[in-house]
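Please consult the sequence and the model while reading.

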Amino acid sequence: MSTMLSEDRDFNGLGEQTTDGQTRLTGGSMASIPEYYAGKNVLVTGATGFMGKVLVEKLLRSCPEVKALYLLVRPKAGQSMQQRVSDMMVCRLFDRVREDNPDFHQKIIPISSELTQPGLAISPEDVEKLSACINVIFHCAATIRFDEPLKHALQLNVIATQQLLSLAQQMNHLEAFIHVSTAYANCNRKHIDEVIYSPPVEPKKLIESLEWMDDGMVRDITARLIGDRPNTYTYTKALAEYVVQQEQDKLNIAIIRPSIVGASWQEPFPGWIDNFNGPSGIFIAAGKGILRTMRANNDAVADLIPVDVVINLTLAAGWYTAKHRPKPALVYNCTTGGINPFHWGEIEHHVMLSWKRNPLEQAFRRPNTNITSNYLINQYWILVSHKFPALIYDFFLRLSGQKPQMMRIFNRLHKAIGLLEYFSSRDWEWNSENMSMLMSQLTPEDRKTFNFDVRQLNWPEYIENYCIGTKKYVLNEDMSDIPAARQHLRKLRNIRYTFNTLLVVFIWRVFIARSQMARNIWYFVVSLCFKFLSYFRASSTITN
(Lines give C-alpha, C1' and ligand atoms only; values in the text may rest on other atoms or scores of the structure.)
Protein backbone atom coordinates (compact mmCIF):
# COMPACT_ATOMS: atom_id res chain seq x y z
CA MET A 1 0.00 0.00 0.00
CA SER A 2 1.31 3.45 -0.89
CA THR A 3 0.64 4.77 2.61
CA MET A 4 3.07 2.30 4.17
CA LEU A 5 6.59 3.37 4.97
CA SER A 6 9.70 1.28 4.71
CA GLU A 7 10.52 -0.50 7.97
CA ASP A 8 14.23 0.20 7.83
CA ARG A 9 13.85 3.98 7.53
CA ASP A 10 15.49 6.12 10.22
CA PHE A 11 12.95 8.53 11.70
CA ASN A 12 15.63 10.53 13.53
CA GLY A 13 13.48 10.53 16.63
CA LEU A 14 10.62 12.35 14.89
CA GLY A 15 8.08 9.59 15.15
CA GLU A 16 7.51 5.88 15.47
CA GLN A 17 6.04 3.25 13.21
CA THR A 18 2.96 1.25 14.12
CA THR A 19 2.52 -2.44 13.32
CA ASP A 20 0.44 -1.63 10.23
CA GLY A 21 3.24 0.43 8.75
CA GLN A 22 1.71 3.85 9.47
CA THR A 23 3.62 6.69 11.02
CA ARG A 24 2.56 8.12 14.37
CA LEU A 25 4.06 11.27 15.79
CA THR A 26 5.67 11.08 19.18
CA GLY A 27 4.75 13.76 21.64
CA GLY A 28 6.07 17.23 20.94
CA SER A 29 9.00 16.20 18.76
CA MET A 30 7.55 17.34 15.42
CA ALA A 31 8.03 20.88 14.17
CA SER A 32 4.90 22.61 12.89
CA ILE A 33 4.64 23.42 9.20
CA PRO A 34 5.57 27.12 9.61
CA GLU A 35 8.45 26.10 11.88
CA TYR A 36 9.73 23.67 9.28
CA TYR A 37 9.70 26.21 6.44
CA ALA A 38 11.37 28.87 8.62
CA GLY A 39 14.83 29.60 7.20
CA LYS A 40 14.23 27.38 4.16
CA ASN A 41 14.96 28.23 0.53
CA VAL A 42 12.16 27.05 -1.74
CA LEU A 43 12.20 26.60 -5.53
CA VAL A 44 8.88 26.93 -7.36
CA THR A 45 8.19 26.19 -11.02
CA GLY A 46 5.02 27.51 -12.64
CA ALA A 47 4.93 30.33 -10.07
CA THR A 48 3.22 32.77 -12.45
CA GLY A 49 0.40 30.29 -13.12
CA PHE A 50 -2.84 29.99 -11.18
CA MET A 51 -1.74 27.39 -8.65
CA GLY A 52 1.82 28.71 -8.48
CA LYS A 53 0.65 32.17 -7.43
CA VAL A 54 -1.50 30.75 -4.65
CA LEU A 55 1.41 28.59 -3.47
CA VAL A 56 3.76 31.59 -3.32
CA GLU A 57 1.17 33.72 -1.52
CA LYS A 58 0.38 31.02 1.04
CA LEU A 59 4.04 30.37 1.81
CA LEU A 60 4.73 34.07 2.34
CA ARG A 61 1.63 34.62 4.47
CA SER A 62 1.46 31.47 6.59
CA CYS A 63 5.20 30.73 6.79
CA PRO A 64 6.53 34.29 7.24
CA GLU A 65 9.97 33.08 8.33
CA VAL A 66 10.66 31.31 5.04
CA LYS A 67 14.05 32.55 3.87
CA ALA A 68 13.57 32.94 0.11
CA LEU A 69 11.43 31.78 -2.78
CA TYR A 70 13.29 31.14 -6.03
CA LEU A 71 10.91 31.25 -8.98
CA LEU A 72 11.76 29.76 -12.37
CA VAL A 73 10.30 32.25 -14.84
CA ARG A 74 10.65 32.74 -18.58
CA PRO A 75 10.28 35.97 -20.56
CA LYS A 76 6.88 36.08 -22.24
CA ALA A 77 5.01 38.36 -24.65
CA GLY A 78 7.69 41.01 -24.60
CA GLN A 79 7.97 41.01 -20.82
CA SER A 80 11.16 40.19 -18.97
CA MET A 81 11.05 37.72 -16.09
CA GLN A 82 11.45 40.63 -13.62
CA GLN A 83 8.42 42.37 -15.14
CA ARG A 84 6.32 39.22 -14.97
CA VAL A 85 7.18 38.67 -11.30
CA SER A 86 6.57 42.34 -10.50
CA ASP A 87 3.16 42.20 -12.19
CA MET A 88 2.34 39.07 -10.23
CA MET A 89 3.21 40.65 -6.88
CA VAL A 90 0.95 43.68 -7.41
CA CYS A 91 -1.98 41.31 -7.98
CA ARG A 92 -4.87 41.56 -5.50
CA LEU A 93 -4.07 38.02 -4.44
CA PHE A 94 -1.14 39.38 -2.40
CA ASP A 95 -3.12 42.09 -0.57
CA ARG A 96 -3.10 40.22 2.75
CA VAL A 97 0.62 39.49 2.51
CA ARG A 98 1.25 43.14 1.62
CA GLU A 99 -0.60 44.27 4.76
CA ASP A 100 1.47 41.99 7.00
CA ASN A 101 4.80 42.62 5.29
CA PRO A 102 5.09 45.42 2.71
CA ASP A 103 8.63 44.26 1.88
CA PHE A 104 7.65 40.65 1.08
CA HIS A 105 8.95 41.07 -2.48
CA GLN A 106 12.51 41.00 -1.11
CA LYS A 107 12.08 37.27 -0.49
CA ILE A 108 11.20 36.65 -4.15
CA ILE A 109 14.17 35.79 -6.36
CA PRO A 110 13.34 35.20 -10.06
CA ILE A 111 15.53 32.78 -12.01
CA SER A 112 15.52 32.96 -15.80
CA SER A 113 14.42 29.62 -17.22
CA GLU A 114 12.79 28.05 -20.27
CA LEU A 115 11.21 24.59 -19.94
CA THR A 116 11.58 23.82 -23.64
CA GLN A 117 15.35 24.34 -23.66
CA PRO A 118 18.15 21.95 -22.63
CA GLY A 119 18.97 22.26 -18.95
CA LEU A 120 15.85 24.43 -18.62
CA ALA A 121 18.05 27.28 -19.95
CA ILE A 122 19.26 28.05 -16.43
CA SER A 123 22.65 29.78 -16.42
CA PRO A 124 25.65 28.00 -14.83
CA GLU A 125 25.78 30.73 -12.17
CA ASP A 126 22.14 30.15 -11.23
CA VAL A 127 22.62 26.37 -11.22
CA GLU A 128 25.47 26.80 -8.77
CA LYS A 129 23.40 29.14 -6.61
CA LEU A 130 20.40 26.79 -6.54
CA SER A 131 22.53 23.73 -5.90
CA ALA A 132 24.02 25.37 -2.84
CA CYS A 133 20.86 26.59 -1.12
CA ILE A 134 17.55 24.98 -2.17
CA ASN A 135 15.79 22.87 0.48
CA VAL A 136 12.38 22.17 -1.12
CA ILE A 137 11.16 22.05 -4.73
CA PHE A 138 7.52 22.48 -5.75
CA HIS A 139 7.15 21.53 -9.40
CA CYS A 140 3.88 23.11 -10.57
CA ALA A 141 4.84 24.01 -14.14
CA ALA A 142 3.02 22.19 -16.94
CA THR A 143 0.94 22.81 -19.99
CA ILE A 144 -2.71 22.35 -19.05
CA ARG A 145 -4.06 22.64 -22.60
CA PHE A 146 -6.01 19.50 -23.42
CA ASP A 147 -5.41 19.88 -27.16
CA GLU A 148 -1.68 20.57 -26.94
CA PRO A 149 0.29 18.85 -29.74
CA LEU A 150 1.88 15.70 -28.34
CA LYS A 151 5.45 16.75 -29.00
CA HIS A 152 5.03 20.04 -27.16
CA ALA A 153 3.12 18.45 -24.27
CA LEU A 154 5.86 15.84 -23.96
CA GLN A 155 8.51 18.55 -23.82
CA LEU A 156 6.75 20.62 -21.16
CA ASN A 157 5.29 17.88 -18.99
CA VAL A 158 7.85 15.06 -19.25
CA ILE A 159 11.23 16.22 -20.54
CA ALA A 160 11.18 19.38 -18.41
CA THR A 161 10.37 17.22 -15.38
CA GLN A 162 13.32 14.95 -16.20
CA GLN A 163 15.64 17.94 -16.39
CA LEU A 164 14.35 19.41 -13.14
CA LEU A 165 14.96 16.06 -11.43
CA SER A 166 18.53 16.09 -12.76
CA LEU A 167 19.00 19.57 -11.32
CA ALA A 168 17.49 18.43 -8.01
CA GLN A 169 20.10 15.68 -7.70
CA GLN A 170 22.81 18.36 -7.76
CA MET A 171 21.30 20.17 -4.78
CA ASN A 172 23.30 19.56 -1.63
CA HIS A 173 20.58 20.43 0.87
CA LEU A 174 17.41 19.27 -0.88
CA GLU A 175 14.92 17.72 1.55
CA ALA A 176 11.78 17.29 -0.58
CA PHE A 177 10.70 17.28 -4.23
CA ILE A 178 6.93 17.75 -4.60
CA HIS A 179 5.50 17.09 -8.06
CA VAL A 180 2.01 18.40 -8.92
CA SER A 181 0.29 15.97 -11.28
CA THR A 182 -3.44 15.50 -11.96
CA ALA A 183 -6.06 13.08 -10.66
CA TYR A 184 -6.89 12.37 -14.31
CA ALA A 185 -3.44 11.05 -15.21
CA ASN A 186 -5.00 7.58 -15.03
CA CYS A 187 -8.51 8.51 -16.15
CA ASN A 188 -8.65 5.37 -18.28
CA ARG A 189 -9.29 3.54 -14.99
CA LYS A 190 -12.55 3.59 -13.03
CA HIS A 191 -10.93 3.16 -9.60
CA ILE A 192 -7.70 5.05 -8.95
CA ASP A 193 -5.54 4.22 -5.95
CA GLU A 194 -2.76 6.38 -4.53
CA VAL A 195 -0.10 4.49 -6.44
CA ILE A 196 1.90 5.17 -9.58
CA TYR A 197 0.66 2.91 -12.36
CA SER A 198 2.80 1.48 -15.12
CA PRO A 199 3.04 4.00 -17.97
CA PRO A 200 1.38 3.33 -21.34
CA VAL A 201 4.85 3.47 -22.91
CA GLU A 202 8.42 3.81 -21.70
CA PRO A 203 8.96 7.63 -21.72
CA LYS A 204 12.58 7.39 -22.85
CA LYS A 205 11.66 5.27 -25.88
CA LEU A 206 8.80 7.59 -26.83
CA ILE A 207 11.02 10.67 -26.59
CA GLU A 208 13.68 9.05 -28.77
CA SER A 209 11.07 7.95 -31.32
CA LEU A 210 9.47 11.37 -31.66
CA GLU A 211 12.78 13.23 -32.02
CA TRP A 212 13.14 12.46 -35.73
CA MET A 213 9.44 12.86 -36.64
CA ASP A 214 8.03 16.08 -38.01
CA ASP A 215 4.87 17.60 -36.51
CA GLY A 216 2.64 16.12 -39.19
CA MET A 217 3.80 12.57 -38.53
CA VAL A 218 3.37 12.99 -34.77
CA ARG A 219 -0.11 14.38 -35.27
CA ASP A 220 -1.07 11.39 -37.39
CA ILE A 221 -0.06 8.82 -34.74
CA THR A 222 -1.16 10.74 -31.63
CA ALA A 223 -4.58 9.10 -31.37
CA ARG A 224 -3.05 5.61 -31.46
CA LEU A 225 -0.39 6.55 -28.92
CA ILE A 226 -2.70 8.01 -26.28
CA GLY A 227 -5.12 5.10 -26.70
CA ASP A 228 -8.03 5.23 -24.24
CA ARG A 229 -6.96 8.52 -22.69
CA PRO A 230 -8.89 11.57 -23.92
CA ASN A 231 -6.02 13.97 -24.64
CA THR A 232 -2.28 14.58 -24.62
CA TYR A 233 -2.46 16.32 -21.23
CA THR A 234 -3.57 13.27 -19.24
CA TYR A 235 -1.25 11.04 -21.30
CA THR A 236 1.91 13.07 -20.67
CA LYS A 237 1.08 13.63 -17.00
CA ALA A 238 0.94 9.86 -16.54
CA LEU A 239 4.38 9.59 -18.16
CA ALA A 240 5.70 12.37 -15.90
CA GLU A 241 4.58 10.50 -12.78
CA TYR A 242 6.57 7.48 -13.88
CA VAL A 243 9.63 9.67 -14.56
CA VAL A 244 9.37 11.12 -11.04
CA GLN A 245 8.96 7.67 -9.51
CA GLN A 246 12.23 6.51 -11.04
CA GLU A 247 14.12 8.97 -8.83
CA GLN A 248 12.47 8.06 -5.52
CA ASP A 249 15.56 6.19 -4.29
CA LYS A 250 17.72 9.29 -4.80
CA LEU A 251 15.27 12.00 -3.72
CA ASN A 252 12.51 12.45 -1.16
CA ILE A 253 9.49 12.67 -3.44
CA ALA A 254 5.73 13.14 -3.18
CA ILE A 255 3.13 13.45 -5.94
CA ILE A 256 -0.02 15.58 -5.59
CA ARG A 257 -2.98 14.69 -7.83
CA PRO A 258 -5.66 17.41 -7.80
CA SER A 259 -8.85 16.94 -9.80
CA ILE A 260 -10.55 19.97 -11.44
CA VAL A 261 -8.93 22.95 -9.70
CA GLY A 262 -11.31 25.84 -9.13
CA ALA A 263 -11.54 29.13 -7.26
CA SER A 264 -10.36 29.44 -3.68
CA TRP A 265 -12.59 28.24 -0.87
CA GLN A 266 -11.26 30.35 2.03
CA GLU A 267 -7.82 31.78 1.29
CA PRO A 268 -6.62 34.38 0.82
CA PHE A 269 -10.29 35.27 0.36
CA PRO A 270 -13.27 33.25 -0.90
CA GLY A 271 -13.76 32.92 -4.65
CA TRP A 272 -10.38 34.15 -5.87
CA ILE A 273 -9.77 33.13 -9.48
CA ASP A 274 -7.76 34.74 -12.26
CA ASN A 275 -8.48 32.80 -15.45
CA PHE A 276 -11.11 31.43 -17.82
CA ASN A 277 -9.82 27.86 -17.64
CA GLY A 278 -12.01 24.89 -16.77
CA PRO A 279 -15.26 25.67 -14.93
CA SER A 280 -14.55 29.41 -14.77
CA GLY A 281 -15.11 29.99 -18.48
CA ILE A 282 -18.28 27.88 -18.40
CA PHE A 283 -19.66 29.80 -15.41
CA ILE A 284 -18.96 33.14 -17.09
CA ALA A 285 -20.51 32.01 -20.39
CA ALA A 286 -23.60 30.89 -18.47
CA GLY A 287 -23.76 34.18 -16.57
CA LYS A 288 -23.51 36.18 -19.79
CA GLY A 289 -26.40 34.17 -21.26
CA ILE A 290 -24.16 32.84 -24.02
CA LEU A 291 -24.08 29.22 -22.85
CA ARG A 292 -27.59 27.72 -23.03
CA THR A 293 -26.86 24.02 -23.27
CA MET A 294 -24.06 21.70 -22.26
CA ARG A 295 -23.66 17.97 -22.67
CA ALA A 296 -22.93 16.37 -19.31
CA ASN A 297 -24.32 13.76 -16.97
CA ASN A 298 -26.44 15.48 -14.31
CA ASP A 299 -25.80 12.59 -11.92
CA ALA A 300 -22.04 12.44 -12.48
CA VAL A 301 -19.82 13.80 -9.74
CA ALA A 302 -18.23 17.14 -10.64
CA ASP A 303 -14.94 16.66 -8.87
CA LEU A 304 -14.06 20.30 -8.28
CA ILE A 305 -11.29 21.01 -5.78
CA PRO A 306 -10.63 24.55 -4.46
CA VAL A 307 -7.14 25.81 -5.25
CA ASP A 308 -6.38 26.67 -1.62
CA VAL A 309 -7.17 23.07 -0.60
CA VAL A 310 -4.63 21.81 -3.15
CA ILE A 311 -1.98 24.27 -2.00
CA ASN A 312 -2.50 23.55 1.70
CA LEU A 313 -2.13 19.83 1.00
CA THR A 314 0.94 20.48 -1.15
CA LEU A 315 2.71 22.46 1.57
CA ALA A 316 1.79 19.88 4.20
CA ALA A 317 3.09 17.12 1.92
CA GLY A 318 6.37 19.03 1.53
CA TRP A 319 6.70 19.20 5.32
CA TYR A 320 5.84 15.52 5.79
CA THR A 321 8.09 14.31 2.97
CA ALA A 322 11.08 16.26 4.27
CA LYS A 323 10.58 15.09 7.83
CA HIS A 324 9.73 11.42 7.21
CA ARG A 325 11.25 10.63 3.80
CA PRO A 326 8.66 7.90 3.04
CA LYS A 327 9.70 5.10 0.69
CA PRO A 328 8.11 4.38 -1.71
CA ALA A 329 7.08 7.91 -2.58
CA LEU A 330 3.60 8.84 -1.41
CA VAL A 331 0.87 9.85 -3.86
CA TYR A 332 -1.97 12.09 -2.66
CA ASN A 333 -5.27 11.97 -4.57
CA CYS A 334 -6.56 15.47 -3.87
CA THR A 335 -10.23 15.05 -4.78
CA THR A 336 -13.70 15.64 -3.35
CA GLY A 337 -15.86 13.02 -5.08
CA GLY A 338 -15.33 10.22 -2.59
CA ILE A 339 -15.47 12.47 0.49
CA ASN A 340 -17.94 15.27 -0.23
CA PRO A 341 -19.54 14.62 -3.65
CA PHE A 342 -21.32 17.29 -5.68
CA HIS A 343 -22.94 16.60 -9.04
CA TRP A 344 -23.05 18.46 -12.34
CA GLY A 345 -26.82 18.87 -12.08
CA GLU A 346 -26.40 20.51 -8.67
CA ILE A 347 -23.71 22.82 -10.04
CA GLU A 348 -26.03 23.94 -12.85
CA HIS A 349 -28.78 24.71 -10.32
CA HIS A 350 -26.59 26.74 -7.97
CA VAL A 351 -24.76 28.59 -10.75
CA MET A 352 -28.08 29.75 -12.18
CA LEU A 353 -29.28 30.84 -8.72
CA SER A 354 -26.08 32.78 -8.18
CA TRP A 355 -26.29 34.63 -11.49
CA LYS A 356 -29.89 35.62 -10.76
CA ARG A 357 -28.80 37.11 -7.43
CA ASN A 358 -25.55 38.61 -8.68
CA PRO A 359 -25.84 39.06 -12.46
CA LEU A 360 -22.96 39.97 -14.74
CA GLU A 361 -22.92 43.31 -16.51
CA GLN A 362 -24.17 43.62 -20.09
CA ALA A 363 -25.34 40.03 -20.43
CA PHE A 364 -26.09 38.84 -23.96
CA ARG A 365 -29.24 37.06 -22.74
CA ARG A 366 -30.78 36.13 -19.41
CA PRO A 367 -28.86 33.23 -17.78
CA ASN A 368 -30.62 29.95 -18.50
CA THR A 369 -28.31 26.97 -19.01
CA ASN A 370 -29.51 23.38 -19.16
CA ILE A 371 -27.42 20.22 -18.91
CA THR A 372 -28.38 17.14 -20.91
CA SER A 373 -26.66 13.84 -21.55
CA ASN A 374 -28.58 13.29 -24.79
CA TYR A 375 -26.48 14.08 -27.85
CA LEU A 376 -29.40 14.87 -30.18
CA ILE A 377 -31.16 17.13 -27.68
CA ASN A 378 -27.90 18.95 -27.04
CA GLN A 379 -27.31 19.44 -30.78
CA TYR A 380 -30.87 20.75 -31.21
CA TRP A 381 -30.41 23.37 -28.50
CA ILE A 382 -26.99 24.33 -29.88
CA LEU A 383 -28.68 25.05 -33.21
CA VAL A 384 -31.70 26.89 -31.73
CA SER A 385 -30.12 28.66 -28.75
CA HIS A 386 -26.52 29.16 -29.90
CA LYS A 387 -26.04 29.26 -33.65
CA PHE A 388 -29.32 30.81 -34.75
CA PRO A 389 -29.12 33.79 -32.31
CA ALA A 390 -25.43 34.21 -33.17
CA LEU A 391 -26.22 34.46 -36.88
CA ILE A 392 -28.94 37.05 -36.22
CA TYR A 393 -26.66 39.09 -33.95
CA ASP A 394 -23.80 39.00 -36.46
CA PHE A 395 -26.23 40.02 -39.22
CA PHE A 396 -27.18 43.18 -37.31
CA LEU A 397 -23.49 43.87 -36.59
CA ARG A 398 -22.78 43.75 -40.32
CA LEU A 399 -25.71 46.08 -41.01
CA SER A 400 -24.30 48.57 -38.53
CA GLY A 401 -20.85 48.39 -40.11
CA GLN A 402 -19.26 46.41 -37.26
CA LYS A 403 -17.23 43.24 -37.45
CA PRO A 404 -19.27 40.07 -36.74
CA GLN A 405 -18.02 38.24 -33.65
CA MET A 406 -20.74 36.20 -31.97
CA MET A 407 -20.41 33.09 -34.14
CA ARG A 408 -16.67 33.09 -33.51
CA ILE A 409 -17.32 33.29 -29.74
CA PHE A 410 -19.76 30.38 -29.90
CA ASN A 411 -17.32 28.27 -31.92
CA ARG A 412 -14.64 28.80 -29.28
CA LEU A 413 -17.16 27.98 -26.55
CA HIS A 414 -18.21 24.75 -28.26
CA LYS A 415 -14.58 23.71 -28.62
CA ALA A 416 -13.89 24.34 -24.92
CA ILE A 417 -16.99 22.44 -23.82
CA GLY A 418 -16.13 19.59 -26.17
CA LEU A 419 -12.73 19.20 -24.49
CA LEU A 420 -14.42 19.02 -21.08
CA GLU A 421 -17.17 16.63 -22.14
CA TYR A 422 -15.13 13.52 -21.33
CA PHE A 423 -14.79 14.67 -17.71
CA SER A 424 -18.35 15.97 -17.26
CA SER A 425 -20.01 12.73 -18.36
CA ARG A 426 -18.08 10.17 -16.27
CA ASP A 427 -17.49 9.18 -12.66
CA TRP A 428 -14.28 8.02 -11.01
CA GLU A 429 -13.51 6.50 -7.64
CA TRP A 430 -10.38 7.87 -5.99
CA ASN A 431 -8.72 6.40 -2.94
CA SER A 432 -7.71 9.21 -0.56
CA GLU A 433 -6.15 7.36 2.37
CA ASN A 434 -2.88 9.29 2.18
CA MET A 435 -4.75 12.58 2.27
CA SER A 436 -6.52 11.42 5.45
CA MET A 437 -3.28 10.10 6.92
CA LEU A 438 -1.51 13.41 6.34
CA MET A 439 -4.34 15.31 7.99
CA SER A 440 -4.01 13.12 11.08
CA GLN A 441 -0.33 14.06 11.34
CA LEU A 442 -0.98 17.80 11.62
CA THR A 443 -1.18 19.69 14.89
CA PRO A 444 -4.56 21.30 15.66
CA GLU A 445 -3.11 24.69 14.75
CA ASP A 446 -1.74 23.44 11.43
CA ARG A 447 -5.11 21.88 10.59
CA LYS A 448 -6.63 25.35 10.81
CA THR A 449 -3.83 27.18 9.03
CA PHE A 450 -3.37 24.55 6.28
CA ASN A 451 -6.92 23.25 6.05
CA PHE A 452 -7.53 20.66 3.34
CA ASP A 453 -10.46 18.88 4.98
CA VAL A 454 -13.02 18.97 2.15
CA ARG A 455 -15.67 17.47 4.43
CA GLN A 456 -16.14 21.02 5.73
CA LEU A 457 -16.81 22.41 2.25
CA ASN A 458 -20.32 23.84 1.82
CA TRP A 459 -20.93 23.46 -1.91
CA PRO A 460 -23.79 25.98 -2.48
CA GLU A 461 -21.81 28.66 -0.65
CA TYR A 462 -18.64 27.76 -2.54
CA ILE A 463 -20.36 27.91 -5.95
CA GLU A 464 -21.84 31.34 -5.16
CA ASN A 465 -18.44 32.65 -4.06
CA TYR A 466 -16.92 31.11 -7.21
CA CYS A 467 -19.37 32.97 -9.46
CA ILE A 468 -18.82 36.22 -7.58
CA GLY A 469 -15.08 35.63 -7.85
CA THR A 470 -15.25 35.38 -11.65
CA LYS A 471 -17.24 38.63 -11.67
CA LYS A 472 -14.82 40.52 -9.40
CA TYR A 473 -11.40 39.10 -10.25
CA VAL A 474 -11.64 37.82 -13.84
CA LEU A 475 -14.08 40.32 -15.38
CA ASN A 476 -13.15 43.15 -12.96
CA GLU A 477 -16.80 44.09 -12.43
CA ASP A 478 -17.85 46.18 -9.43
CA MET A 479 -20.37 44.63 -7.04
CA SER A 480 -21.99 48.08 -6.64
CA ASP A 481 -23.18 47.80 -10.26
CA ILE A 482 -25.42 44.78 -9.52
CA PRO A 483 -28.67 46.88 -9.49
CA ALA A 484 -27.87 48.10 -13.01
CA ALA A 485 -27.10 44.53 -14.10
CA ARG A 486 -30.47 43.38 -12.73
CA GLN A 487 -32.18 46.19 -14.61
CA HIS A 488 -30.44 45.01 -17.78
CA LEU A 489 -31.77 41.46 -17.22
CA ARG A 490 -35.30 42.86 -16.83
CA LYS A 491 -34.83 44.69 -20.12
CA LEU A 492 -33.74 41.44 -21.78
CA ARG A 493 -36.78 39.68 -20.30
CA ASN A 494 -39.12 42.28 -21.76
CA ILE A 495 -37.42 42.01 -25.14
CA ARG A 496 -37.85 38.25 -25.04
CA TYR A 497 -41.55 38.47 -24.14
CA THR A 498 -42.14 41.01 -26.92
CA PHE A 499 -40.29 38.84 -29.45
CA ASN A 500 -42.26 35.72 -28.44
CA THR A 501 -45.54 37.62 -28.72
CA LEU A 502 -44.68 38.91 -32.17
CA LEU A 503 -43.60 35.42 -33.21
CA VAL A 504 -46.95 33.93 -32.11
CA VAL A 505 -48.84 36.66 -33.99
CA PHE A 506 -46.70 36.05 -37.07
CA ILE A 507 -47.31 32.30 -36.99
CA TRP A 508 -51.03 32.88 -36.53
CA ARG A 509 -51.30 35.28 -39.42
CA VAL A 510 -49.13 33.32 -41.83
CA PHE A 511 -49.99 29.72 -41.05
CA ILE A 512 -53.04 29.26 -38.83
CA ALA A 513 -55.44 32.02 -39.97
CA ARG A 514 -55.21 30.82 -43.59
CA SER A 515 -56.04 27.17 -42.99
CA GLN A 516 -59.29 25.72 -41.58
CA MET A 517 -57.48 22.54 -40.51
CA ALA A 518 -54.75 24.51 -38.71
CA ARG A 519 -57.42 26.56 -36.91
CA ASN A 520 -59.24 23.41 -35.81
CA ILE A 521 -55.99 21.93 -34.44
CA TRP A 522 -55.18 25.24 -32.70
CA TYR A 523 -58.63 25.44 -31.04
CA PHE A 524 -58.36 21.79 -29.96
CA VAL A 525 -54.99 22.37 -28.28
CA VAL A 526 -56.23 25.55 -26.57
CA SER A 527 -59.36 23.77 -25.29
CA LEU A 528 -57.23 20.94 -23.88
CA CYS A 529 -55.03 23.47 -22.07
CA PHE A 530 -58.13 25.22 -20.71
CA LYS A 531 -59.61 21.94 -19.46
CA PHE A 532 -56.32 21.02 -17.80
CA LEU A 533 -56.16 24.39 -16.02
CA SER A 534 -59.79 24.06 -14.90
CA TYR A 535 -59.12 20.57 -13.54
CA PHE A 536 -55.98 21.76 -11.76
CA ARG A 537 -57.84 24.64 -10.09
CA ALA A 538 -60.70 22.35 -9.04
CA SER A 539 -58.25 19.82 -7.56
CA SER A 540 -56.43 22.59 -5.67
CA THR A 541 -59.75 23.85 -4.23
CA ILE A 542 -60.77 20.36 -3.06
CA THR A 543 -57.34 19.80 -1.49
CA ASN A 544 -57.47 23.13 0.37
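Buried means under 20% relative accessible area, exposed over 50%, and partly exposed in between (1.4 Å probe, protein chains only). This is a predicted model, in which local features need pLDDT of at least 70 and side-chain atom pairs count only at pLDDT 80 or more, while totals for chains, interfaces and linings use all residues. Residues are numbered from 1 along each chain as its sequence is written, and side-chain values use heavy atoms, with hydrogens and water left out.

Q: Is Glu421 buried, exposed or partly exposed?
A: The relative accessible area of Glu421 is 24%.

Q: Which residue forms a salt bridge with Glu421?
A: A salt bridge is a side-chain nitrogen of Lys or Arg within 4 Å of a carboxyl oxygen of Asp or Glu. For Glu421, the closest N and O atoms of the pair are 3.0 Å apart. Glu421 lies in helix H14 (residues 406–424) and its partner in strand E11 (residues 293–295), so the pair ties together parts 126 residues apart in sequence; helices (H or I, at least four residues) and strands (E, at least two) are DSSP runs, numbered from the N terminus. The partner is Arg295.

Q: Is Lys53, which forms a salt bridge with Asp274, buried or exposed?
A: The closest N and O atoms of Lys53 and Asp274 are 2.8 Å apart. Lys53 is in helix H2 (residues 50–62), whereas Asp274 is in the loop between strand E10 (260–262) and H10, 221 residues apart. Asp274 counts as partly exposed at 25% relative accessibility. Lys53, at 14%, counts as buried.

Q: How many salt bridges does a search of the whole structure find?
A: One of the pairs is Arg257 with Glu241, at 2.8 Å from N to O. Both Arg257 and Glu241 are buried. For the whole structure, the search finds 16.
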